[in-house]
Amino acid sequence: NWLISSRLRHKPRGQLALKLELEKYQVDPQIISQAMSEVGEEELVSCATILLEKSANKYTQLNPWERRNKMYQLLSRKGFSSRIIKTAIDAWSHKQ
């Protein structure tokens with residue numbers, strides 16, 4: 001749990017990336033699944049939105065469709081699910 005909360009604060013990642021990292025540290029699969037179940041969707045959306053805010057300057061020159069596509073790719077590479085990605089991009093777009 002401490003590793004997940006630390007990673008979400010300092011290096012935001014999706015559930016898939018967190019799971020792979022825990023497996024790399026040879027954490028027991030039952031502990032991984034329990035820890036993953038404790039991570040809420042709102043927390044993941046918040047982490048994804050933070051990543052989008054940090055990288056938003058890269059995409060200002062692009063048209064809206066290309067910008068959305070690049071943001072989707074970024075979050076996908078970070079291990080976020082498509083549902084979380086869509087929610088985060090919509091939340092980020094409403095802030096702008």
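These are my notebook entries on a predicted model of one chain.

**Overall fold.** I began with the secondary structure. The chain has six helices and zero strands. Reading from the N terminus, I get the order α-α-α-α-α-α. I then took the extent of the C-alpha trace, which spans about 45 × 20 × 20 Å along its principal axes.

**Burial and contacts.** I looked up how much of the chain is buried. Of the 96 residues, 34% are buried. Next came the contacts between residues at least 6 apart in sequence. Of these, 58% join residues at least 24 apart.

**Surface and charge.** The accessible surface comes to about 6500 Å². Carbon and sulfur atoms account for 50% of that surface. I also looked up the charged side chains: 16 are positive and 10 are negative. The centres of the two sets lie 8 Å apart.

**Positive patch.** Where on the surface does positive charge gather? I find a patch made of K11, K58, K70, R77 and K78. K58 sits in the loop between α4 (41-55) and α5 (64-77). Its relative accessible area is 61%. K58 counts as exposed because that value is over 50%.

**E21.** I turned to a residue in helix α2, which covers residues 15-24. Is E21 buried or exposed? E21 has a relative accessible area of 9%. The cut-off for buried is under 20%, so E21 is buried. I then checked its partners, setting aside neighbours within four places in sequence. On that basis E21 is in contact with R7 and R13.

Conventions: Residues are numbered from 1 along each chain as its sequence is written. This is a predicted model: local features need pLDDT of at least 70, side-chain atom pairs count only at pLDDT 80 or more; totals for chains, interfaces and linings use all residues. Side-chain values use heavy atoms; hydrogens and water are left out. Helices (H or I, at least four residues) and strands (E, at least two) are DSSP runs, numbered from the N terminus. Buried means under 20% relative accessible area, exposed over 50%, partly exposed in between (1.4 Å probe, protein chains only). Contact means heavy atoms within 4.5 Å. Patches are made of residues with over 30% relative accessible area and no salt bridge: like charges are joined within 9 Å, nonpolar side chains (Val, Leu, Ile, Met, Phe, Trp, Tyr) within 5 Å. Accessible areas come from the Shrake-Rupley method with a 1.4 Å probe; for residues, only the protein chains shown count as cover. A salt bridge is a side-chain nitrogen of Lys or Arg within 4 Å of a carboxyl oxygen of Asp or Glu. Lys and Arg count as positive and Asp and Glu as negative; His and the chain ends are not counted. The place of a charge is taken as NZ of Lys, CZ of Arg, CG of Asp or CD of Glu.
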